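This report looks at a model of protein chains together with DNA. Please view the sequence and the structure before reading on.

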Protein chains: 2
Amino acid sequence: MRILLVEDDPDLTRQLKQALGDAGYAVDHAPDGEEAAFLGETEPYDAIVLDLGLPKIDGASVLEGWRRANLATPVLILTARGAWSEKVAGFDAGADDYLTKPFHTEELLARLRALLRRSAGHATPSLTCGALRLDPRAARASVAGEPLRLTSLEYRLLHYLIMHQGRVISRTELVEHLYDQDFDRDSNTIEVFIGRVRKKIGQGRVETVRGLGYRLIALEDEASEA
Amino acid sequence: MRILLVEDDPDLTRQLKQALGDAGYAVDHAPDGEEAAFLGETEPYDAIVLDLGLPKIDGASVLEGWRRANLATPVLILTARGAWSEKVAGFDAGADDYLTKPFHTEELLARLRALLRRSAGHATPSLTCGALRLDPRAARASVAGEPLRLTSLEYRLLHYLIMHQGRVISRTELVEHLYDQDFDRDSNTIEVFIGRVRKKIGQGRVETVRGLGYRLIALEDEASEA
DNA sequence: CTGGCTGTTCAGCCGATGTTCAGCCGGGGC
DNA sequence: GCCCCGGCTGAACATCGGCTGAACAGCCAG
């Protein structure tokens, strides 16, 4: 999952970037409205955390611009406490959730998880695919109850696949959602990781669709659960 | 499906070519208006992606030329943000859809699919012919609900046939739409693939019209669905 | 400083895929 | 009834994409 963090305060930025990174997201950062608007339209984020008080262009306008351009990415806005007018402006502009400063990082993460879940059209908080289960809260995964030891990137890869299970995901799409901005395009890292994940979750769960990408499926003999 | 991509920026070109290729289209590229005009009139594309800001001849003029020449190919134009006059010019010149830069590759692909669907006169996103069904989004096909294992070229062949079902398609036409520019004309590859596809989707669905080409039809005993 | 753990790169291997070829078949014209 | 041409098919082949094991580099913890 790849997140855009729009925040001008350097301290808060550092703190959130750290927290989001720890939680297993790839994070890009925009310090002002201009850059935010640009990045948001250019890169395929899975969610955006947007501070409303920003230099250059204010947050609500940026958001409004995105929505006008038909950008459906879930957006969580951060507002100063009591700045009601701001908050209203944010919702009018098309925010999906909000959080007033100051807040606990934990709460931000929880709301973000909820947002991502909703945007993928899932109702349940835990993501499953056959006997494979992934718990975003703890950033852990298990097969048939047996916990897996996944590294950070392996987890992120699996997370993205499970959120889009059944669909074919191209290697390019994976790269774009697992890494932040700059990444060497011609590299077979993804293949290597697909291999490692396969070894850990068991053969047959990740199909290769030659020339197109990969697809996560439930094994046939496993009862499928929502 | 064969696409003409007209774009002068090398980076964007590379990116789009990749994405379009991944999505299963055959892609030709024209870096300037002159070549675009030529290719567009020479080769039978299924859709054209046209950047308006171009060297030599500007995009709108090229498009106008095509339309004057009665070229009906659906055209999707790319404009710089806020270049309203350009956009208007583009529509006046006969564009079918537009997208402002910057944009998400995903959105371009979605709009392209919509355009191709519309141009074939279909309303539904999934293409069917009797019990045969083809889902362009997932690049999958099925017969009577049973998924088929098709290779990339087999899929493209079937895609073209199903989009023009009932009509006789010549071998030349198939070659022109399945491959990009240079392809050895005297080769029986198409016949081989017709054979393979027949074997996979069941006999009788692809008729041979001797001396003319092939035609995809629904089997008689199958209820035809919209 | 050292040792592991993680992510990346590389090279070789393997199988799928697209292409070619040669021979066969069958329909239509004579 | 016969011949010829176009189309079909099975098999062989080359190529390319994807997989794997192993080595390497960077990082963090001890």
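Which residues come nearest to DNA strand C? In this predicted model, the residues around DNA strand C number 19, and Thr151(A), Ser152(A), Ser187(A), Thr151(B) and Ser187(B) are the ones that come nearest.

## The surface near DNA strand C

At least two residues of this surface are supplied by each of α6 (152-163) and α8 of chain A, and likewise by each of α6 (152-163) and α8 of chain B. By residue class, the surface near DNA strand C divides into 10 polar, five charged and four nonpolar residues.

## The surface near DNA strand D

Around DNA strand D there are 18 residues, of which Glu191(A), Gly195(A) and Thr208(A), together with Gly195(B) and Thr208(B), come nearest. Two or more residues of this surface are given by α8 (189-201) of chain A and by α8 (189-201) of chain B. The residues near DNA strand D comprise eight polar, six charged and four nonpolar.

## The contact between chains A and B

Chain A and chain B each bring 10 residues to their contact. On the side of chain B that touches chain A, helix α1 (residues 10-22) of chain B gives the most, with three residues, and the residues of that side divide into five nonpolar, three polar and two charged.

## Helix α1 of chain B

With 13 residues at 1.5 Å a residue, α1(B) should span 18 Å, and this agrees with the model because its end C-alpha atoms are 18 Å apart. Just after α1(B), the backbone of Gly24(B) takes a positive phi of about 95°.

Conventions. Residues are numbered from 1 along each chain as its sequence is written. Chains are lettered from A and ligands numbered from 1 in the order in which they are written. This is a predicted model: local features need pLDDT of at least 70, side-chain atom pairs count only at pLDDT 80 or more; totals for chains, interfaces and linings use all residues. A residue is near a molecule or strand if its C-beta atom, placed from the backbone, lies within 6 Å of it. Helices (H or I, at least four residues) and strands (E, at least two) are DSSP runs, numbered from the N terminus. Ala, Val, Leu, Ile, Met, Phe, Trp, Tyr, Cys and Pro count as nonpolar, Asp, Glu, Lys and Arg as charged, and the others, Gly among them, as polar. Two residues are in contact if their C-beta atoms, placed from the backbone, lie within 7 Å. The expected span of a helix is 1.5 Å times one less than its number of residues.
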